[in-house]
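Hi there,

Here is the structure I promised to pass on. My notes follow below it.

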Amino acid sequence: MQTIEKFNFAGKKAFVRVDFNVPLDENFNITDDNRIRAALPTLKKILADGGSPIIGSHLGRPKGVTEKYSLKHILSHVSELLGVNVQFANDCVGEEAIAKAAALKPGEALLLENLRFYAEEEGKPRGLAEDASEEEKKAAKKAVKESQKEFTKKLASLADCYVNDAFGTAHRAHASTALIAAYFDINNKMFGYLMEKEVLAVEKVMSEINRPFTAIMGGSKVSSKIEIIENLLGKVDNLIITGGMTFTFTKALGGHIGSSICEDDKLDLALELLAKAKANNVNMILACDAKIADKFSNDANTQLVDADQIPDGWQGLDIGPKTEAEYAEVIKKSKTILWNGPTGVFEFENFTHGSLAVGEAIVEATKNGAFSLVGGGDSVACVNKFGLANGVSYVSTGGGALLEAIEGKILPGIEAIRGY
Ligand code: AMP
């Protein structure tokens with residue numbers, strides 16, 4: 001497999017798929033540019049070699065050409081960070097893109113307009129009437145898949161080689177994230193530096209496991225994380241179920257959870273997962289106490305109670321101190337740690353303490369030689385908020401992509417480069 005480090009981009013045009021899907025405020029100012037910064041090593045290497053990056057990205061979820069989602073809003077910032085005057089093509093395919101790409105000189109860069117302005121990028125039909133028949137849906141899907149081939153070919157024809165540095169979209173078989181790779185031979189397609197690091201980090205967690213291996217799964221819903229929990233049950237020694245989803249388990253076990261968040265249709269599933277954990281000798285740890293609130297608000301009245309004794313009208317919004325201590329003890333003894341999802345409603349200042357305690361325990365374990373991977377939007381927001389990002393081994397930029405990789409799925413963006 002080709003690697004970016006070995007590849008010499010001199011005189012070459014490289015189509016680089018990045019994830020510049022950054023948050024913008026109402027005046028189109030970037031409020032967090034981490035995703036752009038994360039792709040800089042790749043882009044800078046191409047420029048330093050004397051190559052010309054043709055940068056493609058999506059921004060938001062447009063359903064067609066939408067001013068709000070134009071990548072021109074980020075152009076000046078990308079130029080500033082890269083230290084070159086990046087050019088812009090108002091369309092990602094078409095005459096302007098072709099002409100500007102062709103005219104690029106070594107050391108020059110071009111940013112293409114939002115790839116998702118075209119339905120072909122995702123390959124999903126748009127504008128279908130709500131009452132469309134199954135046949136109409138099928139026909140529309142077939143039509144967009146057909147035109148997707150043409151679109152992908154046009155994107156590929158802009159460049160001599162292809163670099164995928166967008167781990168955040170690696171779980172999508174989109175035109176620019178996976179399909180385009182078919183137009184380049186094995187020596188002319190590669191991961192960017194960021195993507196390489198992400199793939200390595202996931203592989204390290206999932207294959208080179210130093211034990212004990214502890215996964216901390218938090219967040220609001222069991223339903224969104226069933227597959228990953230099932231997959232982890234075959235791999236981990238300790239599985240901490242925390243955040244809102246712990247209450248579905250507590251209720252399934254006969255506990256009183258008041259008005260805490262719960263998925264009543266997942267009670268049987270929770271019992272099945274508990275049984276599977278037992279059968280696999282996995283130590284599944286639920287919260288033993290909770291910080292409860294009389295309303296879903298930062299300024300609610302609070303109490304600390306046993307997690308299975310929550311009075312009616314009260315809801316658990318964070319773990320309590322006994323649980324914090326129990327989690328910390330397990331985490332600190334671990335050698336491999338995966339954290340996805342907060343222990344409570346960390347967006348409310350008064351309910352961040354549990355997530356902070358988990359973050360601090362992970363940092364301590366990491367100091368003692370553990371490998372720790374933090375991923376998924378909210379846990380990354382947590383480590384950043386608490387200033388702990390430098391104390392963990394790896395903070396992944398991927399949310400859905402990371403979870404799917406850990407579920408054991410082969411990500412199309414990775415497969416397309418590696419060929420397996
Ligand atoms: P997820 O997107 O599934 O990772 O869930 C993250 C969200 O779960 C965050 O917005 C948290 O506020 C929320 N959350 C965590 N714990 C609780 C809880 N006890 N009750 C309600 N929401 C929660």
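Glu135 is exposed, at 65% relative accessible area (buried is under 20%, exposed over 50%, and partly exposed in between, with a 1.4 Å probe and protein chains only). This is a predicted model, where local features need pLDDT of at least 70 and side-chain atom pairs pLDDT 80 or more, while totals for chains, interfaces and linings use all residues. Residues are numbered from 1 along each chain as its sequence is written, and side-chain values use heavy atoms, without hydrogens or water.

Glu135 sits in helix H5, residues 134-157 (helices are DSSP runs of H or I with at least four residues, strands are E runs of at least two, both numbered from the N terminus).

On to the cysteines: the disulfide count is 0, where a disulfide is a pair of cysteine sulfur atoms within 2.5 Å. For Cys161, the nearest cysteine sulfur belongs to Cys92, 18 Å away. Cys161 is buried, with 0% relative accessible area. Cys288 is likewise in no disulfide, its nearest cysteine sulfur being that of Cys262 at 19 Å; Cys288 is partly exposed at 31%.

Some backbone points may also interest you. Most residues other than glycine have a negative phi, and most peptide bonds are trans. Arg211 and Pro212, however, are joined by a cis peptide bond with omega of about 5°, and Pro212 lies in the loop between helix H6 (193-206) and strand E7 (213-217). Asn281 has a positive phi of about 60°; this residue is exposed at 70% relative accessibility and lies in the loop between helix H9 (267-279) and strand E10 (283-285).

Best wishes
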